[in-house]
Structures are given as C-alpha cells and as structure tokens.
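Dear colleague,

I am handing over the structure that we spoke about, and my notes on what was found in it follow below. Please read them with the model open beside you.

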Amino acid sequence: MKIKKIFILIGLLILTVSLVAERAQSQTKSYYSGDAIIYQGSLIIGSVNLGRLELFKLEGKKLVKAASLKAVASPQLIGGSDFFDLIFNREGDKLYVYTANGRAIYKYDISDLARPALVNKLIDNSWDYFSGLDKADNKILSYGTKGIKLWNQDGQVIDAYDLTNKNFYNINFNDGSNYLFNLDKNSLKIFEKSG
C-alpha cells in the first residue's frame with residue numbers, strides 16, 4: 001500500500017511539473033544561404049537565416065560571430081524587422097553589406113566588423129517589395145515584386161526590368177552579357193537587356 005502511494009505521489013508530481021513548467025523554443029536553424037568575401041586577407045561570411053544580419057569572420061580554423069543586426073521596422077512602411085537577403089560589395093577600400101527587408105534596402109559599412117554603421121536606407125517611390133539581392137555589372141541588383149532594379153553606389157536606380165519570378169534565384173542577370181535568363185515553371189525564357 002505504501003509503495004502504491006509513493007508511485008501515485010511521484011505521478012502527481014511529474015504531472016504538476018509538466019503542466020506548470022514553461023515551454024521553451026529553440027531558434028537553432030541551419031545556415032543555408034548568405035554571401036562570403038575576402039576582405040583585407042580575412043574571410044568574411046554573412047547570413048540572414050534568423051531574420052537578423054549575422055556577420056562572421058574566420059579566425060584560424062574557427063568561425064567567429066563578429067556582429068548581429070536587426071532591421072528597424074518603420075510603422076509607416078510595409079515590411080517587418082526581418083532581413084531576407086544580403087550581398088557584400090567592396091567600394092574603394094571599404095566593405096559594405098546590402099540587406100533587403102521588403103520595403104527597404106539597407107547599406108552598412110562593415111569595414112570595421114565590430115562596429116557596423118548604417119550608411120543608407122534605400123526606398124524607391126514605386127512601392128516595390130524587395131526580397132532578394134545580387135550583384136551585376138559592378139552594381140547592386142534588387143529583385144522585387146515590381147521587377148529587377150540596378151542601383152549605383154549612391155542609392156539611385158539606374159536601370160529597371162519588368163521581370164519577376166516567385167523564386168528570384170531562377171532569374172540570372174548574366175554579367176557582361178546582353179541577356180536575362182528566367183527559369184519560370186517548366187520553361188526557360190531569354191530576354192534582351194536592351195529590349
């Protein structure tokens with residue numbers, strides 16, 4: 001009888017603890033996309049997999065997190081505080097990272113990885129929603145709901161193409177070529193940049 005009571009008490013204790021204990025959620029995710037660059041002899045890697053801009057530096061055989069930034073959400077703008085994509089760009093002797101979070105493209109000076117500095121927040125007046133970034137012809141390339149845009153280093157759109165795809169990675173803006181390639185559903189579409 002005594003053993004039965006002990007088992008019942010242990011069962012009640014386990015039940016009580018499981019109902020009262022707070023549940024925890026992990027933010028562990030694998031890093032599957034990003035960009036990398038060699039800057040001043042060091043390998044710099046960036047990722048936005050957790051919605052934050054995370055910058056890493058290779059030190060010896062170890063990858064060390066150097067910075068982590070979150071976009072500042074503006075209440076008057078569509079888009080949240082999560083970054084969707086990033087691209088590194090060397091301009092002169094400085095290193096910059098461009099990030100997209102929907103309504104805006106952010107430009108950070110990361111020449112000093114320990115102190116990233118926001119240089120520019122690019123918003124065009126067409127109410128485009130930016131989901132991806134790339135580089136082409138030494139310019140920043142944005143993929144959005146209104147097509148592809150080429151930006152200069154001053155944050156001005158210098159060319160645009162009315163070409164979209166649900167998966168922007170399926171659009172290839174071939175450097176030095178006069179053609180755009182779009183893999184859409186089961187077909188490959190080729191467009192002339194000048195046309």
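Strand β11 (residues 147-151) pairs with strand β12 (residues 157-161) in the antiparallel sense, over 4 bridges; strands here are DSSP runs of E with at least two residues, helices are runs of H or I with at least four residues, and both are numbered from the N terminus. Two strands are said to pair if DSSP finds at least two bridges between them. β11 and β12 form a hairpin with 5 residues between them, and G155 in the turn has a positive phi of about 85°. Within this pairing, I148 stands opposite Y161 in β12.

Before going further, please note that this is a predicted model, in which local features need pLDDT of at least 70 and side-chain atom pairs count only at pLDDT 80 or more, while totals for chains, interfaces and linings use all residues. Residues are numbered from 1 along each chain as its sequence is written, and side-chain values use heavy atoms, with hydrogens and water left out.

**The chain as a whole**

The secondary structure of the protein chain comes to 1 helix and 15 strands. Of the 195 residues in the protein chain, 35% are buried, where buried means under 20% relative accessible area, exposed means over 50%, and partly exposed lies in between (1.4 Å probe, protein chains only). The accessible surface of the protein chain comes to about 12,400 Å², of which 54% belongs to carbon and sulfur atoms; such areas come from the Shrake-Rupley method with a 1.4 Å probe, and for residues only the protein chains shown count as cover. Among contacts (heavy atoms within 4.5 Å) between residues at least 6 apart in sequence, 33% join residues at least 24 apart.

**Two open sheets**

Strand β7 (residues 105-109) is joined to β8 by 5 bridges, and the bridge partner of Y106 in β8 is K121.

Another open sheet has 3 antiparallel strands in the order β13-β14-β15. Here the edge strands, each pairing on one side only, are β13 (171-173) and β15 (187-192), and neighbouring strands are turned by 15° against each other on average, direction ignored. β13 pairs with strand β14 (residues 179-184) over 3 bridges, with N182 in β14 as the bridge partner of I171.

**Nonpolar cores**

A nonpolar core is a set of buried Ala, Val, Leu, Ile, Met, Phe, Trp, Tyr and Cys residues joined through side-chain atoms within 4.5 Å. The largest core has 19 residues, of which L53, F88, Y108 and I110 touch the most other members. At least two residues of this core are supplied by each of β1 (35-39), β3 (53-59), β4 (62-69), β5, β6 (94-100) and β7. Leaving aside its neighbours within four places in sequence, I110 is in contact with L55, F88, L95, Y96, V97 and P116.

**Salt bridges**

Counting a side-chain nitrogen of Lys or Arg within 4 Å of a carboxyl oxygen of Asp or Glu as a salt bridge, the total comes to 7. One of them joins the side chains of D109 and K94 (3.3 Å, N to O); D109 lies in strand β7 and K94 in strand β6, so this pair ties together parts that are 15 residues apart in sequence. D109 counts as buried because its relative accessibility is 14%, whereas K94, at 35%, counts as partly exposed.

In another salt bridge, the side chains of D128 and K149 meet (2.6 Å, N to O). This pair links distant parts of the chain, with D128 in the loop between β8 and β9 (130-136) and K149 in strand β11, 21 residues apart. D128 counts as buried at 1% relative accessibility, and K149 counts as buried at 7%.

With kind regards

Notes:
Axes are lines fitted to C-alpha atoms, for helices over the stretch in contact, and angles run from 0 to 180 degrees between N-to-C directions.
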